[in-house]
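The following paragraphs lead through one structure, from a pocket to a helix and then to single residues. Please keep the sequence and the model in view while reading.

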Amino acid sequence: MDRKELEAQVIELVATSYGKDAESLSVDTVIAEELGGASIQMVGLVSEIENELDVLVQLPVAAACKTIGELVDKVEELLDEE
């Protein structure tokens with residue numbers, strides 16, 4: 001999977017977890033400020049990433065990402081390690 005495909009996949013998962021329209025999100029979307037939400041949504045997102053992309057992102061690692069792009073970077077790093 002190339003970077004653009006991974007970005008699109010993660011944006012879809014974020015949209016699903018946060019109840020947003022994927023079209024309104026980008027790699028520059030600031031998760032806490034623009035999406036808000038409770039930590040339970042981040043837990044759901046981490047679970048979705050694991051289920052869909054078969055990669056385990058630790059919750060503290062995902063929660064530390066400021067933007068969707070940073071989250072994509074972390075997922076990409078973990079996929080490259082496998």
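The largest pocket has a volume of about 170 Å³. On a 1 Å grid over the protein atoms alone, a pocket is an open set of points where a 1.4 Å probe fits, with protein on both sides within 12 Å along at least five of seven lines; its volume is the space filled by probe spheres set on the points, which are joined across faces, edges and corners. This is a predicted model, in which local features need pLDDT of at least 70 and side-chain atom pairs count only at pLDDT 80 or more, while totals for chains, interfaces and linings use all residues. Residues are numbered from 1 along each chain as its sequence is written, and side-chain values use heavy atoms, with hydrogens and water left out.

The lining of the largest pocket comprises 13 residues (those with an atom within 4 Å of a point), and Ile31, Ala32, Met42, Ala63 and Cys65 lie nearest the centre. Helix H2 (31-35) and helix H3 (39-53) each contribute at least two lining residues; helices are DSSP runs of H or I with at least four residues, numbered from the N terminus. By class, nine of the lining residues are nonpolar, three polar and one charged. Here Ala, Val, Leu, Ile, Met, Phe, Trp, Tyr, Cys and Pro count as nonpolar, Asp, Glu, Lys and Arg as charged, and the others, Gly among them, as polar.

Helix H1 spans residues 3-18, and its 16 residues reach 22 Å from the first C-alpha to the last, close to the 22 Å expected; the expected span is 1.5 Å times one less than the number of residues. At the start of H1, a side-chain oxygen of Asp2 comes within 3.2 Å of the backbone nitrogen of Lys4. Just after H1, Gly19 adopts a positive phi of about 65 degrees.

Several residues of H1 are buried, including Leu6, Val10, Leu13 and Tyr18; buried means under 20% relative accessible area, exposed over 50%, and partly exposed in between, with a 1.4 Å probe and protein chains only. The cover over the buried residues of H1 includes H2, H3 and helix H5 (68-81).

Ser17 belongs to H1 and counts as buried because its relative accessibility is 17%. Its side chain reaches the backbone nitrogen of Leu45 at 3.5 Å. Neighbours within four places in sequence aside, Ser17 is in contact (heavy atoms within 4.5 Å) with Gln41, Gly44, Leu45 and Glu48.

Glu77 is found in helix H5, and it counts as partly exposed because its relative accessibility is 41%.

Conventions. A polar contact is a pair of N or O atoms within 3.5 Å; within protein, one must be able to donate a hydrogen and the other to accept it, and residues adjacent in sequence count only if both atoms are side-chain atoms.
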